[in-house]
Amino acid sequence: MFGFRDIEIIRSVVRYGGFRAASDATGLAQSAISRRIRHLEDRMGITIFERDGRGVRLSATGRRLVDEAEVLIAQRDRILSELTHGVMAGVVRLGVAETMTHTILPRMLTSLRQDHPLLRFEISVDTSDQMGQALRDDALDVVIMLRDQAPRGIALTPLPPVTMGWFVSPAHFTLPQPAEIDDLTALPIVSFPKTTSPHRQVIETLSPGRRKPATVHGSASLATVLHLVQQGFGIGTIPHSIVEAWPHAMLREIEVTPEARLPSLEFVICYDAERNEEIGRAVTQAAVAAGRE
């Protein structure tokens, strides 16, 4: 309905006190200024200036238009300044595996906020397979996920491995030390969701050559896994960093034989370089730095 140039002309009339003075100040013909404002009033169906024998003044509607437009002009000038001076701003759609929310994520975001205060983050916590699809569909900008589920053709940087352990609530179960695979499979086990590689690794560790298959329950929520293990539903396969972040759960790591030990989780941070090169690099640098702390 109106453009920035329309608002600038209206502002010049107000600032210089009339059409003639605005014409002298801007170099535009007085007739051109009058015609542009009249056409704008006709298009919008409002009266911007009230005319009387002493000149023109803003109507109540005109004052509101100018006041609201000042905000738009300020935003335009800010965006232009940020773009031309290399300032990173706007919303970053960040996908994070829950394991990372309790480890590097807080340090990473704190660092990014300090270096790029105009960035805002929309954080999605989901499974790696879901986030991988969202990255392909351009529904997320940067993702921290399991390496083996990262999409092909994206920029990818490894993060420090996350070690895993078997945990139990001592109030509910007592196991031999060290526990063998048969000792573990005798109890319900709570682990990652069925579709994830950590779940498959648990099954592969426990199943070969066993008379009784393991009963492994899956949950996408690590908080749920912790709560179930704490309440005695079963034993759990949980990252050490998560248990350390939840000391009130009072879980104890189960000492196991070498064959029952779980491999570490390999996480990466990734983004599509064609779409998100600048912000992807900045978030990656912050994540790598946070992983070293």
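At what angle do the axes of helix α1 (residues 4-16) and helix α2 (residues 19-26) cross? The legends below take up this crossing and then the chain as a whole.

**View 1. Crossing of α1 and α2 in the predicted model.** The two axes, lines fitted to C-alpha atoms over the stretch in contact, come within 8 Å and cross at roughly 110°, with angles running from 0 to 180 degrees between N-to-C directions. Helices α1 and α2 are therefore roughly perpendicular to each other, a class that spans 65 to 115 degrees.

**View 2. Residues in the contact of α1 with α2.** From α1, the contact (heavy atoms within 4.5 Å) takes S12, V13 and Y16; from α2, F19, A21, A22, A25 and T26 take part. Six of these residues are nonpolar, two are polar and none is charged; Ala, Val, Phe and Tyr are among the nonpolar types.

**View 3. The whole protein chain.** Twelve helices (DSSP H or I, at least four residues) and twelve strands (E, at least two) make up its secondary structure. The C-alpha atoms fill a box of roughly 100 × 35 × 30 Å along the principal axes. Of the 293 residues, 43% count as buried, that is, under 20% relative accessible area with a 1.4 Å probe, protein chains only.

**Notes.** Residues are numbered from 1 along each chain as its sequence is written, and side-chain values use heavy atoms, without hydrogens and water. As the model is predicted, local features need pLDDT of at least 70 and side-chain atom pairs count only at pLDDT 80 or more, whereas totals for chains, interfaces and linings use all residues.

Technical notes:
Angles under 35 degrees count as roughly parallel, over 145 as roughly antiparallel, 65 to 115 as roughly perpendicular and the rest as oblique. Buried means under 20% relative accessible area, exposed over 50%, partly exposed in between (1.4 Å probe, protein chains only).
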